[in-house]
Amino acid sequence: MCGMNSVRSPMAELLARRALPASTFVASAGIRAGERDPFVDMVLAEEGLSLHERQPRTVDDLEDHYFDLIVSLSPEAHHAALELTRSMAVEVEYWPMPDPTIVGGTREQIVAAYRDVRERLKRRIAARFG
(Lines give C-alpha, C1' and ligand atoms only; values in the text may rest on other atoms or scores of the structure.)
Protein backbone atom coordinates (compact mmCIF):
# COMPACT_ATOMS: atom_id res chain seq x y z
CA MET A 1 0.00 0.00 0.00
CA CYS A 2 1.28 3.46 -0.88
CA GLY A 3 -0.08 6.89 -1.65
CA MET A 4 -1.24 6.55 -5.26
CA ASN A 5 -0.45 2.98 -6.32
CA SER A 6 1.62 4.22 -9.22
CA VAL A 7 5.26 3.64 -8.22
CA ARG A 8 6.27 1.81 -5.03
CA SER A 9 3.33 -0.51 -4.40
CA PRO A 10 2.94 -1.83 -7.98
CA MET A 11 6.68 -2.56 -8.01
CA ALA A 12 6.33 -4.36 -4.69
CA GLU A 13 3.32 -6.32 -5.95
CA LEU A 14 5.11 -7.72 -8.99
CA LEU A 15 8.33 -8.44 -7.11
CA ALA A 16 6.39 -10.22 -4.34
CA ARG A 17 4.38 -12.25 -6.86
CA ARG A 18 7.62 -13.43 -8.41
CA ALA A 19 9.19 -14.29 -5.04
CA LEU A 20 6.22 -15.91 -3.29
CA PRO A 21 4.36 -19.14 -4.09
CA ALA A 22 1.62 -18.78 -6.71
CA SER A 23 -0.96 -19.70 -4.05
CA THR A 24 -0.18 -16.49 -2.14
CA PHE A 25 -2.62 -13.68 -2.92
CA VAL A 26 -0.73 -10.43 -3.50
CA ALA A 27 -2.35 -7.13 -4.44
CA SER A 28 -1.33 -3.52 -4.23
CA ALA A 29 -3.40 -0.41 -3.80
CA GLY A 30 -3.11 3.23 -2.89
CA ILE A 31 -4.96 5.65 -0.74
CA ARG A 32 -5.93 7.38 -3.97
CA ALA A 33 -5.44 6.32 -7.58
CA GLY A 34 -2.56 8.02 -9.36
CA GLU A 35 -1.35 7.95 -12.94
CA ARG A 36 0.71 5.15 -14.42
CA ASP A 37 4.44 5.98 -14.31
CA PRO A 38 6.55 5.02 -17.37
CA PHE A 39 9.73 4.79 -15.28
CA VAL A 40 8.10 1.99 -13.26
CA ASP A 41 7.42 0.09 -16.48
CA MET A 42 11.06 0.57 -17.51
CA VAL A 43 12.67 -0.67 -14.28
CA LEU A 44 10.26 -3.60 -14.04
CA ALA A 45 11.05 -4.58 -17.64
CA GLU A 46 14.72 -4.76 -16.65
CA GLU A 47 13.63 -7.55 -14.28
CA GLY A 48 11.51 -9.27 -16.93
CA LEU A 49 8.30 -8.05 -15.27
CA SER A 50 5.37 -6.11 -16.69
CA LEU A 51 2.27 -4.42 -15.33
CA HIS A 52 0.59 -5.07 -18.71
CA GLU A 53 -2.64 -3.06 -18.79
CA ARG A 54 -2.94 -2.72 -15.01
CA GLN A 55 -3.79 0.78 -13.84
CA PRO A 56 -3.36 2.35 -10.38
CA ARG A 57 -6.16 1.47 -7.97
CA THR A 58 -7.34 2.28 -4.48
CA VAL A 59 -8.03 -0.04 -1.56
CA ASP A 60 -11.74 0.31 -2.34
CA ASP A 61 -11.07 -1.03 -5.86
CA LEU A 62 -9.73 -4.36 -4.55
CA GLU A 63 -12.06 -7.33 -4.95
CA ASP A 64 -11.15 -8.80 -1.56
CA HIS A 65 -10.80 -6.84 1.66
CA TYR A 66 -9.49 -9.68 3.79
CA PHE A 67 -5.75 -9.54 4.35
CA ASP A 68 -3.29 -11.33 6.60
CA LEU A 69 -0.65 -8.66 6.11
CA ILE A 70 -0.58 -5.11 4.82
CA VAL A 71 2.79 -3.61 4.00
CA SER A 72 2.76 0.16 3.84
CA LEU A 73 5.48 1.96 1.92
CA SER A 74 4.85 5.61 2.77
CA PRO A 75 3.93 7.43 5.99
CA GLU A 76 0.51 8.41 4.64
CA ALA A 77 -0.24 4.82 3.60
CA HIS A 78 0.93 3.52 6.96
CA HIS A 79 -1.49 5.76 8.84
CA ALA A 80 -4.29 4.71 6.48
CA ALA A 81 -3.46 1.01 6.94
CA LEU A 82 -3.53 1.36 10.72
CA GLU A 83 -6.89 3.12 10.53
CA LEU A 84 -8.28 0.52 8.11
CA THR A 85 -7.24 -2.36 10.36
CA ARG A 86 -8.13 -0.78 13.69
CA SER A 87 -10.90 -3.34 14.28
CA MET A 88 -9.39 -6.20 12.28
CA ALA A 89 -6.86 -8.88 13.12
CA VAL A 90 -4.43 -7.90 10.37
CA GLU A 91 -0.69 -7.47 10.69
CA VAL A 92 0.60 -4.13 9.39
CA GLU A 93 4.27 -3.57 8.60
CA TYR A 94 5.86 -0.29 7.61
CA TRP A 95 8.66 -0.50 5.07
CA PRO A 96 9.58 3.14 4.41
CA MET A 97 10.62 3.61 0.80
CA PRO A 98 11.90 6.80 -0.79
CA ASP A 99 9.68 8.47 -3.36
CA PRO A 100 11.63 8.46 -6.65
CA THR A 101 9.20 10.90 -8.25
CA ILE A 102 10.71 13.77 -6.27
CA VAL A 103 14.23 13.16 -7.62
CA GLY A 104 15.42 15.71 -10.16
CA GLY A 105 18.45 15.84 -12.37
CA THR A 106 19.32 13.95 -15.50
CA ARG A 107 17.23 11.13 -16.89
CA GLU A 108 19.85 8.66 -15.64
CA GLN A 109 19.70 10.12 -12.11
CA ILE A 110 15.92 9.79 -12.11
CA VAL A 111 16.05 6.21 -13.42
CA ALA A 112 18.67 5.40 -10.78
CA ALA A 113 16.21 6.53 -8.08
CA TYR A 114 13.56 4.15 -9.44
CA ARG A 115 16.07 1.31 -9.62
CA ASP A 116 17.08 2.04 -6.04
CA VAL A 117 13.47 1.63 -4.87
CA ARG A 118 13.15 -1.61 -6.87
CA GLU A 119 16.30 -3.02 -5.31
CA ARG A 120 15.26 -1.96 -1.78
CA LEU A 121 11.92 -3.70 -2.29
CA LYS A 122 13.61 -6.87 -3.55
CA ARG A 123 15.81 -6.96 -0.44
CA ARG A 124 12.90 -6.34 1.95
CA ILE A 125 10.75 -9.00 0.30
CA ALA A 126 13.61 -11.53 0.40
CA ALA A 127 14.41 -10.71 4.05
CA ARG A 128 10.77 -10.94 5.14
CA PHE A 129 9.61 -13.94 3.13
CA GLY A 130 12.85 -15.85 2.52
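## Helix H2 and its buried face

In this predicted model, helix H2 spans residues 38–45 and has Val40, Val43 and Leu44 as buried residues; buried means under 20% relative accessible area, exposed over 50%, and partly exposed in between, with a 1.4 Å probe and protein chains only. Helices (H or I, at least four residues) and strands (E, at least two) are DSSP runs, numbered from the N terminus. Seen down the axis of H2, the buried residues fall within an arc of 100°, so they line one face of the helix; the arc is that of the directions from the helix axis to the C-beta atoms. An α-helix has 3.6 residues a turn, so residues three or four places apart point the same way.

The buried residues of H2 pack against helix H1 (8–19) and helix H4 (107–129), where contact means heavy atoms within 4.5 Å. The N-terminal end of H2 is capped by aspartate 37, which has a side-chain oxygen 2.8 Å from the backbone nitrogen of phenylalanine 39.

## Basis of the model

The model is predicted: local features need pLDDT of at least 70, side-chain atom pairs count only at pLDDT 80 or more, and totals for chains, interfaces and linings use all residues. Residues are numbered from 1 along each chain as its sequence is written, and side-chain values use heavy atoms, with hydrogens and water left out.

## Overall architecture

The secondary structure consists of four helices and two strands, and along the sequence these follow the pattern α-α-β-α-β-α. The radius of gyration is 14 Å, close to the 14 Å that the globule rule gives for 130 residues, so the protein is as compact as a globular protein of that length. This radius is taken over C-alpha atoms, and the globule rule is 2.2 Å times the number of residues to the power 0.38.

Along the principal axes, the C-alpha atoms fill a box of roughly 45 × 30 × 30 Å. Of the 130 residues, 42% are buried. Among contacts between residues at least 6 apart in sequence, 66% join residues at least 24 apart.

Strands E1 (residues 69–72) and E2 (residues 91–94) pair in the parallel sense over four bridges; two strands pair if DSSP finds at least two bridges between them. Leucine 69 has glutamate 91 as its bridge partner in E2. From E1 the chain crosses through helix H3 (residues 75–84) to E2, in a β-α-β crossover that is right-handed. A crossover is right-handed if, with the strands pointing away from the viewer, the path from the first strand over the helix to the second runs clockwise.

Within H3, Ala77, His78 and Ala81 are buried. They cover an arc of only 100° around the axis, which puts them on the same side of H3. The buried residues of H3 pack against both E1 and E2.

## Threonine 85

Threonine 85 lies in the loop between H3 and E2 and is buried, with a relative accessible area of 7%. The side chain of threonine 85 reaches the backbone oxygen of alanine 81 at 2.8 Å; a polar contact is a pair of N or O atoms within 3.5 Å, and within protein one must be able to donate a hydrogen and the other to accept it, while residues adjacent in sequence count only if both atoms are side-chain atoms.

Leaving aside neighbours within four places in sequence, threonine 85 is in contact with Ile70, Val90 and Val92. The C-alpha atoms of threonine 85 and isoleucine 70 are separated by 9.1 Å, the two residues being 15 residues apart along the chain.

Asparagine 5 is placed in the segment before H1 and is buried, with a relative accessible area of 0%. The side chain of asparagine 5 makes a polar contact with the side chain of arginine 54 at 2.8 Å, and also reaches the backbone nitrogen of arginine 57 at 2.8 Å. Beyond neighbours within four places in sequence, the contacts of asparagine 5 include Pro10, Ser28, Gly30 and Gln55. Phi of asparagine 5 is near 55°, a positive value in a residue other than glycine.

Histidine 52, in the loop between H2 and E1, has phi near 50°, a positive value in a residue other than glycine. Histidine 52 is exposed, with a relative accessible area of 60%.
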